[in-house]
Amino acid sequence: MALIQDWAPPTKEHYESILFIWKFFPLAASLQWLISWYGMGKTSVNSRFNIPGRIAWVTMESPGFLLLLYIMNTLPQQHGITDLPWQNKVLAGLFVIHYSYRAVLFPLMQPSMSPVHGVVWASALCFQLTNATCLGGWLAAYGPTTEAAWRAQLAPFPTAQFALGAGLFYAGLAANYYHDDELREIRRREIARLERVAREGGGRGGGVEKHYRIPTAGLFKILLYPHYFAEWIEWMGFWIACGVSCQPAMMFVVNEIASMLPRAVKGKRWYEEKFGKEKIRGKWAVIPGVL
């Protein structure tokens with residue numbers, strides 16, 4: 001039974017229409033260069049339209065990988081595909097691995113999370129559902145669905161290219177997790193400090209919603225947003241494993257960069273204003289040696 005007839009899972013015609021619209025997402029994302037407001041994380045502000053951070057994060061990030069799994073389990077049957085090649089299943093698995101962490105474990109592991117404005121929540125939800133529809137449709141029926149098709153997709157070295165892409169994906173995933181945890185450690189240390197001060201004063205410690213320092217471990221030595229850079233490496237690896245002609249994977253990379261790059265560049269300005277230019281001298285925003 002379809003969630004939305006002809007759309008979830010999508011017919012070939014609707015899949016192509018969604019993918020065509022998806023190509024224009026960078027135009028919408030570019031609006032971030034023109035406005036200073038971004039109602040999430042370090043730049044969140046009080047608003048009656050705010051959603052508690054953990055709730056917002058789980059509900060805006062989880063629908064994507066859940067929809068992809070649904071499409072993978074329903075669309076092949078509609079096209080008479082009885083068993084997908086292992087490549088399709090592995091790639092879907094990589095997507096789910098990333099978002100099992102990003103959508104579920106990440107908010108649960110955070111010592112604290114700032115609220116998310118409803119506009120940001122809705123935008124992220126639309127991103128996830130559109131991306132999952134495009135990738136899910138390609139992996140489930142509209143991309144290579146036979147071993148012969150995969151050999152042609154990744155020619156002339158199909159095994160090597162798939163392995164290279166998967167290797168880059170896992171390297172990016174590990175780096176993404178490592179640098180996320182370095183940011184978590186800043187708040188864990190602050191919470192521990194407050195609890196120690198409270199014990200010494202005979203009181204009780206409290207939580208920390210916003211507390212920022214300049215991290216220095218790993219790629220933080222040269223970048224302010226290495227976790228963004230690592231995530232881009234992940235999805236570039238995914239794109240390589242799909243084959244460079246895979247438009248949904250390519251657009252995922254392009255659209256991630258289009259949406260995250262303005263935040264990183266403006267985030268560098270935020271660090272400069274908060275800590276002073278001298279404290280972050282020599283650090284790039286997100287791309288080593290470039291930006």
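**View 1. The surroundings of N255 in a predicted model.** Leaving aside residues up to four places away in sequence, N255 touches W22, F25, P26 and F127, where contact means heavy atoms within 4.5 Å. N255 sits in helix α9; helices here are DSSP runs (H or I, at least four residues), numbered from the N terminus. With 0% relative accessibility, N255 counts as buried, a label for under 20% relative accessible area (1.4 Å probe, protein chains only). This is a predicted model, so local features need pLDDT of at least 70, side-chain atom pairs count only at pLDDT 80 or more, and totals for chains, interfaces and linings use all residues. Residues are numbered from 1 along each chain as its sequence is written, and side-chain values use heavy atoms, with hydrogens and water left out.

**View 2. Helices α5 and α9 packed together.** Here α5 (residues 118-142) meets α9 (residues 247-275) at an angle of about 160°, with the axes 9 Å apart; the axes are lines fitted to C-alpha atoms over the stretch in contact, and angles run from 0 to 180 degrees between N-to-C directions. The two helices are therefore roughly antiparallel, the word used for angles over 145 degrees. On the α5 side, F127, N131, C134, L135 and W138 make the contact, and on the α9 side P248, A249, F252, N255, E256 and S259.

View 3. Residues 91-108 are 100% helix and 0% strand, and their end C-alpha atoms lie 25 Å apart. Residues 120-140 are likewise 100% helix and 0% strand, with end C-alpha atoms 29 Å apart.

Technical notes:
Angles under 35 degrees count as roughly parallel, over 145 as roughly antiparallel, 65 to 115 as roughly perpendicular and the rest as oblique. Buried means under 20% relative accessible area, exposed over 50%, partly exposed in between (1.4 Å probe, protein chains only).
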